[in-house]
Amino acid sequence: MFETLSDRLTSVFSSLRSKGRLSDADIDATTREIRIALLEADVALPVVKAFVAQVKERARGAEVSQALNPAQQVVKIVNDELIGILGGETRRLRLAKTPPTVIMLAGLQGAGKTTLAGKLAKWLREQGHTPLLVAADLQRPNAVQQLQVVGERAGVAVYAPEPGNGAGDPIEVARTSIDEAKRLLHDIVIIDTAGRLGIDQEMMKQAADIRDAVSPDEVLFVVDAMIGQDAVTTAQAFMEGVGFDGVVLTKLDGDARGGAALSVRHITGRPIMFASTGEKLEDFDAFHPDRMASRILDMGDILTLIEQAQKTFDEEQAAKMAGKLTSGENFTLEDFLEQMTMVQKMGPIKNLLGMMPGMGQMRDQLNSIDDRDLDRIAAIIRSMTPGERQDPKIINGSRRARIAAGSGVTVTAVSNLVTRFFEAQKMMKRMAGGMGIPGMPGGRGKAGKAQKKAKGRRVSGDPRKAALGKASSAEAPEAEPKSGGLLGNLGGKLPPGVELPPGFDPSKFRLPGQK
């Protein structure tokens, strides 16, 4: 969604990094480029003007002029202002003191309200709630049936007393759904209302009547993030006609320029509360302004990545697997398949890698990643016998032919997988022992090898040769010092083009199992 904006801003900041101090001309040129980048991303003009003015004012202040690294300080300012324009803090749902909490969805037709109702219900169910979906969209053909299908997939009850397709009173359905929720002990009611084909006064009045009938605790305006400037016009019309408490962005995985996300919050003053990023019911989460700003500036989204991993991986199972990985022993193809399956549950590999800092500069490589390759690897492993998975060394030519036929791939593909697995196994053993990796706990780096060679060197009985040997030892370079921490093995530096987010201290970062 924000690829164009992210690329433009990244190129703007890269030109600043070579400057020790920033002049007024540098600041003017930078803010001009930021203005162009925002306008190209379809951000509303009033929002662009306010954003650029604030960045320029802060960039000319003491926090940049007195900074040791002015370029990083400008990036921090832009990051702060992006967070502010996106809402500042994450806005949580307001729950009623006396259940049920009533949530009403409103928006244009085609924005994805019905699917989003199922996503929200599933998300709330995973939070420990018992939501009830209400089919109050009785105008659109098959809207009631669609909500019933979505509710079944989400594992959530659906209240649909009317068949829809133009029949029934949506206001009465919404009103009676509250009593139904109380009777069946549902603590949250999600009302799916009819969409509008533009600013339709009659439909707007219907939404207002439903709001008056049920007095919702939250009215959420569902907006398609791909409609650009129209999102602002529609949001203003809904604000005046119905009123809403928060915004839900759908289709954030689309290829539009994303200006709606940066405009709606600033124009309406209402926070973005949720974001839908795909077609699956799992592609939904609370909207975090700081994380979205970090993604736009190509600083990654490590927190979301960690949260997804925590949801997917069982702690006990992960600890057991971490033990196998660090020891380098007994790691089999069965374990590899299990790990790969768990990673796939977290989502597309491209999306997961995209959450790492600096990955925006490798977008072409990320786009070339095909998740079907993982499916082929899984098919190859599943075509093996349990004995072959435990000990791939027994896989000879005839076994490879059988595995290839069973998984629908070539014999070469099977051979390549087995070869790569053996290489990975050797690498894990080397890493576990610390061989050739300075700074690894208990490891033997270059210094260890040098000491081992020195210890085993034979000293000549000829005094002249012994003296030469001592001289060469004295001239030898000093042993490479051990280095620890997250960046220890990189010499304390990140790869070219990769930068840490502002305020991120790598010395405090701990890998699983570290204290």
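A polar contact is a pair of N or O atoms within 3.5 Å, one able to donate a hydrogen and the other to accept it. Keep that cut-off at hand for the exercises below, which explore a predicted model.

**Exercise 1: Getting your bearings**

Find how many helices and strands the chain has, and what share of its residues is buried.

*Solution.* Start with the secondary structure: the chain has 23 helices and eight strands. Next, turn to burial: of the 515 residues in the chain, 43% are buried. Finally, look at the contacts between residues at least 6 apart in sequence: 72% of these join residues at least 24 apart.

**Exercise 2: A threonine in a strand**

Locate threonine 101, decide whether it is buried or exposed, and find which backbone atom its side chain reaches.

*Solution.* Step one is the location: threonine 101 belongs to strand S1, which covers residues 101-107. Step two is burial. The relative accessibility of threonine 101 is 3%, and buried means under 20%, so threonine 101 counts as buried. Step four is the surroundings. Leaving aside residues up to four places away in sequence, threonine 101 touches Arg94, Leu95 and Ala96, along with Asp187, Ile188, Val189 and Asp217.

**Exercise 3: Helices H2 and H3**

Work out whether H2 and H3 run roughly parallel or antiparallel, and which residues meet between them.

*Solution.* First find the two helices: H2 spans residues 24-40 and H3 spans residues 45-59. Their axes lie 10 Å apart, at an angle of about 155 degrees. Angles over 145 degrees count as roughly antiparallel, so that is the label for H2 and H3. Their crossing is right-handed. Now for the residues: Ile27, Asp28, Thr31, Ile34, Arg35, Leu38 and Leu39 of H2 meet Leu45, Val48, Phe51, Val52, Val55, Lys56 and Ala59 of H3. Sorted by class, this contact holds 10 nonpolar, one polar and three charged residues.

**Exercise 4: H3 meets another partner**

Describe how H3 crosses H5, and name the residues that make the contact.

*Solution.* Begin with the geometry: H5 covers residues 70-85, and its axis comes within 10 Å of that of H3, crossing at roughly 145 degrees. The crossing is right-handed. On the H3 side, the contact is made by Val47, Phe51, Gln54, Val55, Arg58 and Ala59. On the H5 side stand Ile77, Val78, Asp80, Glu81, Leu82 and Ile85. The classes come to eight nonpolar, one polar and three charged residues.

**Exercise 5: Helices H6 and H7**

Decide whether H6 and H7 are roughly parallel or antiparallel, then look at the residues in contact.

*Solution.* H6 takes in residues 113-126 and H7 residues 143-154. Their axes are 9 Å apart, with an angle of about 25 degrees. Angles under 35 degrees count as roughly parallel, so H6 is roughly parallel to H7. The crossing is right-handed. H6 brings Thr114, Thr115, Ala117, Gly118, Lys122 and Arg125, while H7 brings Ala143, Gln146, Leu147, Val150 and Ala154. That contact has five nonpolar, four polar and two charged residues.

**Exercise 6: A glutamate in H8**

Find which side chain glutamate 172 joins in a polar contact.

*Solution.* Glutamate 172 sits in helix H8, residues 170-183. With 37% relative accessibility, glutamate 172 counts as partly exposed. Its side chain is joined to that of arginine 175 by a polar contact of 2.7 Å.

Notes:
Residues are numbered from 1 along each chain as its sequence is written. This is a predicted model: local features need pLDDT of at least 70, side-chain atom pairs count only at pLDDT 80 or more; totals for chains, interfaces and linings use all residues. Side-chain values use heavy atoms; hydrogens and water are left out. Helices (H or I, at least four residues) and strands (E, at least two) are DSSP runs, numbered from the N terminus. Buried means under 20% relative accessible area, exposed over 50%, partly exposed in between (1.4 Å probe, protein chains only). Contact means heavy atoms within 4.5 Å. Axes are lines fitted to C-alpha atoms, for helices over the stretch in contact, and angles run from 0 to 180 degrees between N-to-C directions. Angles under 35 degrees count as roughly parallel, over 145 as roughly antiparallel, 65 to 115 as roughly perpendicular and the rest as oblique. A crossing is left-handed if the near helix is turned anticlockwise from the far one by less than a right angle, and right-handed if clockwise. Ala, Val, Leu, Ile, Met, Phe, Trp, Tyr, Cys and Pro count as nonpolar, Asp, Glu, Lys and Arg as charged, and the others, Gly among them, as polar.
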